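Q: I would like to learn how to read a structural model feature by feature, with the general idea set out before the particular case. Could we work through one together?

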Amino acid sequence: MKISNVLKLFTSILMLSFGTSAIADTLSDTLDRGNVRCGVSQGLPGFSNPDADGNWVGIDVDVCRAVAAAIFGKGGDDKVEYFPVSAKERFTKLTAGEYDILSRNTTWTLSRDAKIGLTFNGVNFYDGQGFMVPKALGVTSALELDGASVCVNTGTTTELNLADFFRANGMSYEPVVFEKADEVLAAYDSGRCDVHTTDKSGLAAQRTKLAQPDEHMVLGETISKEPLGPVTREGDEPWSDIVFWTLNALITWDELGLEAGDALKNIVGDTSQTPEVKRILGVEGDQGGHLGLDKDWAYWALFEVGHYGDMYERHVGANTPLALARAGSPNAGWKNGGLIYAPPIR
Amino acid sequence: MNIRTDIIKPPKQDIFKSGKFRSIVVQIIVMVLVIGSIGWIINNAATNMAANGISHGFAFLWETSFFDIGYLPFIEHTASHTYFNAFIVGLLNTILVAVLGIFLATIVGFLVGIGRLSNNWLVARFCGFYVEALRNIPLLLQLFFWYHAVLRVLPRAKNSLNFGDSFYLNLKGLFLPKPIPEVGFNYVLLIGVFSIISIIFLYFWSKKRQALTGQQFPVFYASLAIFIIPVLIVSFLNNTPMYLEDPVLKGFNFKGGIRLIPELVALLLALSLYTASFIAENVRSGILAINKGQIEAANAVGLKRIPILRLIIIPQAMRVIIPPLTSQYLNLTKNSSLAVAIAYPDLVHVFAGTALMQTGQAVEILAITMSVYLTLSITISLLMNWYNRAMKLKDS
């Protein structure tokens, strides 16, 4: 932790110390301020990464954009303020109220949910931890890694899964623990470590950044379950509900197999659509009102951001540098054998 | 004559007008306010954390840590040890780098400081350049330079630089042979201890003799002889009961021997060379503070250069040097927390880093970490103040 980070953490604690516990009504604070405050990574391609123009893009960024569009309506997806944070400081800053949604490839675990005052709001990507090694090492299985030096990011479930995996298999290793993902990658690339470990999607993204990507391979084993999703503070249920149901509206639309974006203009006026579609778009009923939002909350989220499938294909799918095909993966819809499943919007 | 007795009478004691009383009252009020606001902050933090569902308290220290630590020169730590054990590991690693750093910085600092006053043009200029270059570049940058620029160009483990099949240098560190005692080593140890005790006696005897007769005794060479000769003889009689375990490349890493990880080396180099530049200036100012007459007088008595430095200059200069030297030692110890930038598992990295993240108990962990640095600093201060008193001019 650099000195500046110590200071930041310290101010976060001061905020905890002095701030009254009236950080409960995040929605009205957000409406007053006019934007959604969103904690993202410091640069993970496909999930949250600045593009060439400096705009944040990625599947995690889209969750925040969708929430903003659901709250602010047309053009609302631009009303997001992004806070890039390291893995280590992400929860402290969320609980201290520096931002209101943490959408930063964060794994849902019991201790995070129950112990540090967080609420997890669904899953936008099912991941699992893997290992990347140089091909020259001649290793084909993670079980051949006894005695290796492993580069890993601090403050992650990765660090714990790594310990579990090596202990369970009776192997020894040397963890080399860095604070930033870029430092982990640089140390691996230079040869300080034999192995790079993080979530497999992360490895796919990181591999593209290496000097010679073709010289490296991701081993077959997946050593953990990593359900990633948006996180909010515990104790503000209405706000958590908005985040949860906005994500699930995008998933539902993907399940229905309908088009989002501009095509919605035709769908919303089409009286032959099913009651479910009409309910989601706010043509019938007032689902948005239950959330404290406008009737057309889901309409604008889908209009500005697209549905879950659009998000996936745009940022991490087969035609992106990450090339993580959706079909056959846990991130396929439940009707196609995947795990992506939304509770009913009614 | 009428004497007005009411004027001579001492004024009535009004307790509220007494300056002493008022100052005590003010002090009590200020103290109550300070303690009260600290209590309010603590209470408020605890309430807020409870309201937000964040767990607090120090019970987490006895929970299983579930993470491993990369560098364990002293005690063991595995994923099944507690957070408290991780804390101790981090603390020991911090102390290791602080002690080694202070040792190196002092040696380099004294050499450079004395060198800067040398009559040799080249030596003086080089030392001047050293000081100006190193103290004017931020420490973090120097740390990155050593770690990312210097130590990262070393070869990978398979192509290690090999020095006589005993010393290996590669990206994963410096590997040295490890001395391992065998049967009979205890005799060598015993004779070594005896030699050291005799050397202490010799030292006091020679001091006494010099005070009585004025004759000097070559204590240094005699001590060397007293130590080395018996130890060598006993070792030989016991068939040298010590062997060197060479590091051997097995799989990914070297096994056996002693290992210095590159993170430790980079941190040590950066900390000690940087701090040495400040110590050098302290040393120079200490030496320059000595009256020129002292040296001239020593010359007049016929003392040679080295005894002048050792007996006249350094003891007097130390009085000027020690107080700022203490500050530099404190700086070095605190700066060792930059370890986190290059993955050296020190206290901040392991405890205020990984442990903080896994438990989420930022307030408790940072409080503990800050108290540890405070304790370390106060310990160094006390030791140095004690040393300072010992070196002080004594009134007699």
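Q: Where is the place of Gln273(A) in chain A?
A: Bear in mind from the outset that this is a predicted model. Gln273(A) has its place in the loop between α10 (264–269) and α11 (275–281) of chain A.

Q: Is Gln273(A) buried, partly exposed or exposed?
A: The general idea is to count neighbouring C-beta atoms within 10 Å, where 20 or more make a residue buried and 12 or fewer make it exposed. Gln273(A) has 19 C-beta neighbours inside 10 Å, and therefore counts as partly exposed. When residues up to four places away in sequence are not counted, Gln273(A) touches Ile267(A) and Lys278(A).

Q: At what angle do helix α3 and helix α13 of chain A pack, and how far apart are their axes?
A: Two packed helices are described by the angle between their axes and by the distance between those axes. In chain A, helix α3 (residues 59–72) and helix α13 (residues 297–305) pack at an angle of about 135°, and their axes are 7 Å apart. α3(A) and α13(A) are therefore oblique to each other, and α3(A) passes α13(A) in a right-handed crossing.

Q: Which residues make the contact between α3(A) and α13(A)?
A: From α3(A) come Asp62(A), Arg65(A), Ala66(A), Ala69(A) and Ala70(A), while α13(A) brings Trp297(A), Ala298(A), Trp300(A), Ala301(A), Glu304(A) and Val305(A). Sorted by class, this contact has eight nonpolar, no polar and three charged residues.

Q: What angle and axis distance describe the packing of helix α3 and helix α8 in chain B?
A: Helix α3 (residues 83–115) and helix α8 (residues 262–288) of chain B pack at an angle of about 40°, with 6 Å between their axes. That angle makes α3(B) oblique to α8(B), and the crossing of these two helices is right-handed. The classes in the contact of α3(B) with α8(B) are 17 nonpolar, seven polar and two charged residues.

Q: Into which domains is each chain divided?
A: For chain A, the domain assignment gives domain 1 (3–126 + 228–336) and domain 2 (129–224), and the centres of these domains, taken over C-alpha atoms, are separated by 29 Å. Across that pair, 16 residues of domain 1 of chain A are in contact with 14 residues of domain 2 of chain A, and the domain 1 side of this contact divides into nine nonpolar, six polar and one charged. Chain B is divided into domain 1 (83–143 + 261–391) and domain 2 (182–240), whose centres, again over C-alpha atoms, are separated by 32 Å.

Q: How many residues of chain B are in contact with chain A, and which elements of chain B give two or more of them?
A: There are 38 residues of chain B in contact with 40 residues of chain A. The elements giving two or more residues to the chain B side are α2 (19–51), α11 (347–359) and α12 (362–391) of chain B, and α2(B) gives the most, with seven residues. By class, that side of chain B has 20 nonpolar, 13 polar and five charged residues.

How values were computed:
Residues numbered from 1 in each chain as written. Chains lettered and ligands numbered in written order. Predicted model: local features only at pLDDT ≥ 70, side-chain atom pairs only at ≥ 80, totals over all residues. Domains from an automatic or database assignment. Contact = placed C-beta atoms within 7 Å. Helix = DSSP H or I, 4+ residues; strand = E, 2+ residues; numbered from the N terminus. Nonpolar A, V, L, I, M, F, W, Y, C, P; charged D, E, K, R; others polar. Axes fitted to C-alpha atoms, helices over the stretch in contact; angles between N-to-C directions. Parallel < 35°, antiparallel > 145°, perpendicular 65-115°, else oblique. Left-handed = near helix turned anticlockwise from the far one by under 90°.
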